[in-house]
Amino acid sequence: MLQERIPDLSKYVEPDRVRKAVYTDPQLFELEMQRIHEKVWIYCGHESQVPKVGDYYTVQVGRQPMIMVRGKDNRVHVLYNRCPHRGNMLCGDRHGNTGEFFRCSYHAWTFQHDGRLRTIPMMESGYQGTSWGRDNPDCNVKPAARVESYRGFVFASLAQDGPTLLEFLGRSKIAFDDICDRSPEGEVEVVPTCFRVVQHSNWKIFLENQLDALHPSVTHQSTGRAAHEVEKEIEKRTGKAPLSYHMLSAFATVTIDKWDGFQTLNYPHGHCILTGYMGLRPKDPDTLEYERVLAKAYGEKRKEEILSTNIHHVLIYPGLSVQSPLQQLRAVRPLGVDKTLTEIWHFRLKGAPEPIYRRALAYYNLVNSPSTMINADDLENFWKCQVGLQSEGGEWVNFQRHFGRDIEKDGVVETGPNMGTSEAPMRGQMKAWAQFMTAEK
Amino acid sequence: MAKSKPVRKKKPAPKPKATSPATQHAVEQFLYCQAEILDGKRWQDYVDLFTDDGVYWMPPEPSHKTWDGMPAIFAEDKNVMTVRMKRVLHPDAWSQRPLWGTNHVVGNVIIEKESPNGDVVARSRFHMMELRRDDVRHFAGSYLHHLKKTGKGYRIKLQRVDMTNAQAAYDYVLQVWV
């Protein structure tokens, strides 16, 4: 039906502009859930969220309610949150421990952590002569078609076929290498608080904003200036202001003309990287101590390599933004064509000194919490975009900034010299979108 | 069997300490004035209610015992509060430009502790209605105030805000103190 109404999905996306319906049409939204989110690798959570057998977190993959659970085999399984009997959700809480097995609250069917049927009350007498029984795979809780993890970060794909996780991530896997390598032990663990914020806008608007280097000094000017004034005042009083003020003031002190000096790298499948700008390697005693610990663990040369990885954040299409040098990430869960949930997590670098955790925590609290002084203005813009796009005031969304001047080599699109504000990331994301949407089944 | 949740001994509800009607009255008046200052958007007056080492804290979970080194929705000293105030007052704080207003009601005031020097620990409950453009949101929860008695009246050493809404996903965000 939809295919009839939309004869050629590729008509929605041109190299430098897209139709507004891409953000506003509920039927297109259903189609992108089918063809993108319920097909490609979607981030479920970190293994340290479920350290003990039976620990679980519920998570939305596309439109599907899923459970990420630690099994007795110590593996992390991802299952549909649905009892195969009458369809009851098995886990009603957001997270918890299910004990030795899942037990449905409706008729007491029980299941192993990998989804296999364990018991049905009065199974022999009740199901004699029927097709229901332990040998029937329809009696198991359906697992995600594929589950893989990379350095502790668990992904699921609801499609049987497709690239492996590492093939899909390609060079964007650097997000997880960077965050983990910054730990002297090569590992991170989750800080068990998740900030959850709902945006009244299409999921793609958030993703596009993540690498939009033109917006910070406009959107976040008020916070940047406010933080800069207080930062200067503290410096005058005490000689030095905490780095957290700089994290906020950078939004204003890096003025609009300077953002072209940064760079974005755009990969296949819509993944992309914005290079760093916050100067997170000052020469204060805490940082120097951290560098000593890292050098001891990895050697001087490798330490230098790790700390010179130049990333502000990595976007893993279609639903994860990783800010590896500050150990945090935002997972994007589309709730509807104009409603999106972000789940925001912070991680500890195992074995790194406490001040490094605290420095990143300040950013987590100030920028990524529900009282954010930064995202407040982003979310306002996203909502305004959504409402504006729903109007008949125009058909197209324009992505022409620095168009035609991108440098492409080996499948990677780099913004040209002094063109950091190029809309190449939006062009790259929409190109990937069109490929996913029109791919053969 | 699936493990049932361990039965935790519930902490008995703290008994209100006998306190003088004068203290009760003074604390209540202080909390009412604080509500008026917030609803009146008198941000500098609000920041001035805090002692120099005062902290405004909203934990994301009731189990948190300290703001220090913990994820927090708010964990602000006077410097950070000043950033927030200056941001909200900046003409280009885009998201604060639309029609916006709040209405706090504070009640259930219990004096938990009164020290010989007049410092007070008080618990209370609040309900805040917020209007933003055409949307209304409701927030409710409890306050814990550590108040220092000074020549100019009470000053806040710690204001802990346990907002019941904090457990659920936030529909949009909070821009100023509750």
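Mentor: Let's begin with an open sheet of three strands in chain A, whose order is β8-β9-β10, with antiparallel pairing. Helices (H or I, at least four residues) and strands (E, at least two) are DSSP runs, numbered from the N terminus; two strands pair if DSSP finds at least two bridges between them. The model is predicted, so local features need pLDDT of at least 70 and side-chain atom pairs pLDDT 80 or more, while totals for chains, interfaces and linings use all residues. Residues are numbered from 1 along each chain as its sequence is written, and chains are lettered from A and ligands numbered from 1 in the order in which they are written.

Trainee: Which are the edge strands?

Mentor: Strands of a sheet pair through backbone hydrogen bonds, either parallel or antiparallel. Here the edges are β8 (102–103) and β10 (117–119) of chain A, each pairing on one side only. β8(A) is joined to β9(A) (residues 110–111) by two bridges in the antiparallel sense, and A:Phe102 has A:Phe111 of β9(A) as its bridge partner.

Trainee: Which strand of chain A pairs with β7(B), and in what sense?

Mentor: That is β14(A) (residues 195–199), which pairs with β7(B) in the parallel sense over two bridges. There, A:Val198 stands opposite B:Asp171.

Trainee: How many residues does the contact take from chain B and from chain A?

Mentor: Two residues are in contact if their C-beta atoms, placed from the backbone, lie within 7 Å. The contact takes 28 residues from chain B and 39 from chain A. On the side of chain B, β2 (74–76), α3 (78–89) and β7 (170–171) each supply at least two residues, and α3(B) has the largest share, with six. By class, this side holds 15 nonpolar, six polar and seven charged residues. Nonpolar covers Ala, Val, Leu, Ile, Met, Phe, Trp, Tyr, Cys and Pro; charged covers Asp, Glu, Lys and Arg; the others, Gly among them, are polar.

Trainee: What does the domain assignment of chain A give?

Mentor: Domain bounds come from an automatic or database domain assignment. In chain A it gives domain 1 (42–150) and domain 2 (171–438), with centres, taken over C-alpha atoms, separated by 35 Å. Their contact takes seven residues from domain 1 of chain A and eight from domain 2 of chain A. On the domain 1 side, β3(A) (residues 42–46) gives the most, with three residues.

Trainee: Is A:Gln327 buried or exposed?

Mentor: A residue is buried if 20 or more other C-beta atoms lie within 10 Å of its own, exposed if 12 or fewer, and partly exposed in between, with C-beta atoms placed from the backbone. A:Gln327 has 28 other C-beta atoms within 10 Å, so A:Gln327 is buried. This residue is found in the loop between β18 (320–323) and β19 (328–336) of chain A. Beyond residues up to four places away in sequence, A:Gln327 touches A:Ile179, A:Val188, A:His346, A:Phe347, A:Leu349 and A:Ala360.

Trainee: How far apart are the end C-alpha atoms of α15(A)?

Mentor: The expected span of a helix is 1.5 Å times one less than its number of residues. For the 15 residues of α15(A) (residues 424–438) this comes to 21 Å, and the end C-alpha atoms are 21 Å apart, which agrees. Its buried residues include A:Met426, A:Met430 and A:Trp433. Among the elements covering the buried residues of α15(A) are α7 (203–210) and β23 (412–414) of chain A.
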